[in-house]
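Here is my notebook from an afternoon of looking things up in one structure. Have the model open beside you and follow along.

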Amino acid sequence: MSARAWLRSPWLPIVLAPVALALAVAEAPLVVTLAVISAATASALVWKFGLREGLWYLLLATIPLREPLSIDVVGTVSIFPTDILLFVLFAVGMAREGVRTTWRESTSFKLGVAVLGLSIPGMLTAARPLWGFVAILHAAANLAFLFLALSMVRSGRDAQRVLVVLVLGMIPAVVYGLYQASLPYGAALPDWGSHHAAWDALGRKTVRVVSTFRHPIFFSHYMSIGLGISLGLSLSSLRRGTRWFLLLVGAAGVLCGFFSGTVGGLVGALAAVIATIIVGRRRRVFRLAPLALVGLIWFAPPALTTKVARMAAGQSTSAAARIVTYEQALSVIRDNPLLGVGWGSAVRAFEYDYRTTRSAAVGLVAENYFLHRGVALGLPGMAVFVVLCFLFFRNAILPRREIPHPDWPRAAILIGGVALYAHAQTFVAAEPTATYVLWILFGLAERMRKSLPQTKGAA
């Protein structure tokens with residue numbers, strides 16, 4: 001066979017593909033593995049649900065893989081293929097359905113547009129313009145997820161699939177997180193994550209797990225949300241085997257999240273369990289929910305239990321450091337009540353103008369979901385996020401007799417939101433992975449209430 005014929009042969013890519021894959025695995029085994037898993041999942045989903053719906057489920061499943069699948073451009077700037085897929089699906093949805101109907105019917109969408117509008121003035125005086133631009137891009141991505149949730153979900157079964165995919169998407173992060181938890185301190189960690197240490201009762205350093213996320217807190221937050229959703233799905237109309245498997249994933253996720261060394265994960269898990277007991281009070285099995293939480297804490301790593309014990313004894317600086325950040329945030333809001341300082345200047349405000357201590361324990365952000373947004377966008381911006389929170393719980397808290405169809409996963413939407421918001425009160429909670437899920441929950445809750453007869457109200 002001549003060289004020209006060989007180049008035209010269909011066997012060429014078949015021969016070269018394994019070679020290229022082997023070289024890629026040698027260079028970045030984890031990233032390539034996740035990419036191959038994502039490609040295989042995409043093929044299966046598209047074959048099962050069609051192109052648009054299959055890619056929508058792929059997007060949901062790969063939210064925790066946003067960082068590993070990213071591509072570095074100039075060292076400090078990354079391209080995120082999952083975000084590209086998001087905006088492509090958003091553009092397709094706009095072309096098919098337009099935004100006019102969503103604008104007319106969705107209060108959450110209007111409030112999201114308001115967040116975008118309030119974010120723009122801060123760009124004019126941003127100390128770090130790139131940070132400000134990225135924050136605006138994230139706000140636009142949140143809106144895109146909300147639009148897709150409202151347009152892709154038309155029934156309770158659709159909502160169940162969305163939440164099931166979100167829980168199943170945790171599995172690669174949980175598996176890799178448990179692997180990281182087995183490593184000694186100082187072992188190599190992925191280059192996309194920041195490295196932090198925790199100390200056990202004997203003062204020995206242990207690794208704080210980041211898994212497929214940038215920071216241990218971000219990983220822990222996502223696992224808390226997953227636990228809440230899985231607990232809620234166990235109260236749904238799914239098959240018993242599916243419910244128990246999702247519970248196993250959620251429990252493994254929050255246990256793995258404990259290895260991040262953040263007490264916020266414990267707060268989120270506790271909030272999810274309490275919400276489950278309240279929502280599912282007539283289910284006999286959930287009388288054992290507190291025992292399940294005690295079991296998780298029993299298996300929690302010594303570094304976390306030591307940290308909790310130190311906080312209870314007043315020996316930890318974590319709580320005091322957060323109080324300092326609250327005071328600094330209130331000072332920023334008091335001096336900039338209308339527009340805040342902008343997303344691109346929030347860190348600078350804490351680092352220079354409003355810094356009251358040089359202690360390394362005090363972060364350069366407002367360690368609270370609402371205060372952080374008040375610093376960036378002023379009182380109007382913080383009010384928008386408070387209204388969004390109120391609107392979500394108004395839509396999600398429906399009496400059981402008013403649910404339009406038993407397939408609607410009311411409990412999963414509600415408990416997932418409780419875990420998300422409870423954990424978010426301990427840090428800024430501005431990471432895209434968690435905010436994406438939050439705006440998806442906004443859309444599901446709003447769509448669920450829209451399914452009610454018009455006489456009973458709509459969002």
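Is Glu67 buried or exposed? I looked up its relative accessibility, which is 10%, so Glu67 counts as buried. For the cut-offs, I noted that buried means under 20% relative accessible area, exposed over 50%, and partly exposed in between (1.4 Å probe, protein chains only).

**Entry: ground rules.** This is a predicted model, in which local features need pLDDT of at least 70 and side-chain atom pairs count only at pLDDT 80 or more, while totals for chains, interfaces and linings use all residues. Residues are numbered from 1 along each chain as its sequence is written, and side-chain values use heavy atoms, with hydrogens and water left out.

**Entry: confidence.** I looked up pLDDT, the predictor's confidence in each residue, from 0 to 100. The chain average is 81, and 81% of the residues score at least 70. For residues 5-27 the pLDDT stays under 50, and the model has 10 contacts there beyond four places in sequence. The pLDDT is also below 50 over residues 454-459, a stretch with 15 contacts in the model beyond near neighbours in sequence. Contact here means heavy atoms within 4.5 Å.

**Entry: salt bridges.** Back to Glu67, then. Side chains of opposite charge can pair when their charged atoms come close. The rule I used asks for a side-chain nitrogen of Lys or Arg within 4 Å of a carboxyl oxygen of Asp or Glu. I found a count of 9 salt bridges by this rule.

Arg66 pairs with Asp83, and their closest N and O atoms are 2.8 Å apart. Arg66 sits in the loop between helix H4 (51-61) and strand S1 (71-72), and Asp83 sits in helix H5 (residues 81-97), so the pair ties together parts 17 residues apart in sequence. I noted that helices (H or I, at least four residues) and strands (E, at least two) are DSSP runs, numbered from the N terminus. Both Arg66 and Asp83 are buried.

Which residue does Glu67 meet in a salt bridge? The partner is Arg214, at 3.5 Å from N to O. Glu67 is in the loop between H4 and S1, and Arg214 is in the loop between strand S4 (205-207) and helix H11 (216-233), so to speak a link between distant parts of the chain, 147 residues apart. Arg214 has 36% relative accessibility and counts as partly exposed.

Next I looked up Asp407, which forms a salt bridge with Arg157 at 3.3 Å between the closest N and O atoms. This pair also links distant parts of the chain: Asp407 is in the loop between H18 and helix H19 (410-424), Arg157 is in helix H9 (residues 156-168), and they are 250 residues apart. Asp407 is buried at 12% relative accessibility, whereas Arg157 is partly exposed at 39%. Salt bridges that share partners join Arg66, Glu67, Asp83, Arg214 and Glu431 into one network.

Entry: I found Asn142 in helix H8 (residues 129-152), and at 9% relative accessibility Asn142 is buried. Leaving aside neighbours within four places in sequence, Asn142 contacts Thr435, Tyr436 and Trp439. Thr435 is 293 residues from Asn142 along the chain, yet their C-alpha atoms are separated by 6.8 Å.

**Entry: aromatic rings.** A pair of aromatic rings is described by the distance of the centres and the angle of the planes. Rings of Phe, Tyr and Trp (its six-membered ring) pair if their centres lie within 6.5 Å; planes under 30 degrees apart count as stacked, over 60 as edge-to-face and the rest as tilted. My search of the whole structure gave 16 aromatic pairs. Phe145 and Tyr436 form a tilted one, 4.7 Å centre to centre with 40 degrees between the planes. Phe145 lies in helix H8 and Tyr436 in helix H20 (residues 432-450), so this pair ties together parts 291 residues apart in sequence. Phe145 is buried, with a relative accessible area of 1%, and Tyr436 is buried with 2%.

The ring centres of Tyr369 and Phe370 are 4.9 Å apart with planes at 90 degrees, so that pair is edge-to-face. Ring pairs link Tyr369, Phe370, Phe385, Phe392, Phe393, Tyr421, Trp439 and Phe442 into a cluster.
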